[in-house]
Amino acid sequence: MDQIRIVQLIYLGIYLLLCATFYWTYIQEARTRFGHPFMVRITAVMAKEESVQEILGQYKKRIRLFFFVCVFLGAIIFFLPPQWGFVWMILSGFVQIMLPSRIERTSRKRLMLLKQEKQWFIRTESRHKIDLKLDRKRSNQSMPSSWWFLIPIVIQCIAFVYCLVQGEGGKTFAAVCVLGLLIIAAGIGFIRWLPNKTYCEESTVNQRLNGKKKAAASRAWLWICSGDAVWNLGIAGFLYSERLQCLFLAGAALIVSVTAAILALTEYGREKQYELASEVVYEYDEETYWDVGWFGLRYSNPYDPQVFKENNSGGLNLTVNQAARKGKWMTAGIILFCAGIALFVVWQFAYPKYLDEKGLLADLVIEDGVIRVTGPLYDAKIPKEQVVEAELTDDLGEGIRTNGSSTASYGKGKFRYDKYGNVRVYLAWKHRPYLVLKTETDIYIVNDDDPAQTIRIYEEIKGGNGS
């Protein structure tokens, strides 16, 4: 199996994981177990009404059909270069959030209209209550020691250093390791700032359950971070040492960590059920503050001090209260994060295409005995006297990027070709021919976005070498 196919399989696995995650997120919104499908409050008797079952059934059918099509379209990854496979994953992620939310919005409106037409009014003796005796710092004391997170931090640092010693080509994946470290810190902070929740009338039970919730979330996060760190180390080892065992190690670590995280959360669910077996659980009646936006369920209640609010998942899925002050900041952060991803995609793909169309992508010149490939995206220098062989070619054969960046317009960084082995590439792909320069230690493949200039440089090098 060639390396391009391996990368495509990795992308397909991530794509299918996205499909499964978003499918679960949307399909559970129609559940009646907690008495509020689409966050519309109805009783168990109302849920059995034929008209309600029809709305819920049609919603589930449309969601299943949508994600079945998404899974089927995952095969497109095998027909795309790896860089476009990555773009496909990003775009499909947004589509899998936004389009199902339109289906949910329509179904929620139908259920609200049905409730109004049948005049279903629900009277509850207990209202939503917040136990003011709860102390977030006391809940945090139940969390495992933060020293345990040194395990994934050290592994990420090892992967980071390993990437750096690979030279210029390793800097891109080293940035991934830095991102992993930031995610570890963000997750710890998120868990520590999780709000306390009122489960029953007893403050001691509420405090104990909130402590157990944070302890379980911390253990699950520790497993996920450790698996991610080993994954990064394994992928780096595979890219730079070509050892397939590293890839299997990375996959196994990911499977073990996710399984352990699920078991930790499941154990908390059982403990919570046992604790509340004889307690009164408060009912929620807040459907007027729920809505379905472009990205799914949206909660905006200025009278609720909670920043995070559970939806119809029974506590496994949370949304941000957009009316709370901290909720507004968090929503703004999410918007900025999405905007950052959009800007990254524009920089990575649209900007090189613009440079290519304007003839500004790559300039190949010889100045003071140095072959230079310059442009807005790279600046490479190769001493002419070190070149022992030069070759012009229109066909590089089969190859894969091992580090750096590459789009349909340009390539930069380390590549591996069946014909040449490990090479350093600074190319404008659409402007053949390519100039292959061999030195005692490295092989460079370069060109100018003007094919005539590439040929002139080749002839100058051959003439200077006396060939």
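**Exercise 1. How many aromatic pairs does a search of the whole structure find?**

Solution. Start with the rule: rings of Phe, Tyr and Trp (its six-membered ring) pair if their centres lie within 6.5 Å; planes under 30 degrees apart count as stacked, over 60 as edge-to-face and the rest as tilted. The search finds nine pairs. Take Phe-66 and Phe-67: their ring centres are 5.1 Å apart and their planes stand at 90°, so this pair is edge-to-face. Next, Trp-429 and Tyr-434 are also edge-to-face, with 6.4 Å between centres and 85° between planes. Ring pairs join Trp-429 and Tyr-434 with Phe-415 and Tyr-417 in a cluster.

This is a predicted model: local features need pLDDT of at least 70, side-chain atom pairs count only at pLDDT 80 or more, and totals for chains, interfaces and linings use all residues. Residues are numbered from 1 along each chain as its sequence is written, and side-chain values use heavy atoms, leaving out hydrogens and water.

**Exercise 2. Are Phe-66 and Phe-67 buried or exposed?**

Solution. Apply the cut-offs: buried is under 20% relative accessible area, exposed over 50%, partly exposed in between (1.4 Å probe, protein chains only). Phe-66 has 17% relative accessibility, so Phe-66 is buried. Phe-67 has 4%, so Phe-67 is buried. Trp-429 and Tyr-434 are buried as well.

**Exercise 3. Which residues of α6 are buried?**

Solution. Locate the helix: α6 covers residues 150–164. Helices are DSSP runs (H or I, at least four residues), numbered from the N terminus. The buried residues are Pro-152, Ile-155, Gln-156, Ala-159 and Cys-163. They lie on the same side of α6, because their arc around the axis is only 100°, taken from the directions from the helix axis to the C-beta atoms.

Methods:
Helices (H or I, at least four residues) and strands (E, at least two) are DSSP runs, numbered from the N terminus. The expected span of a helix is 1.5 Å times one less than its number of residues.
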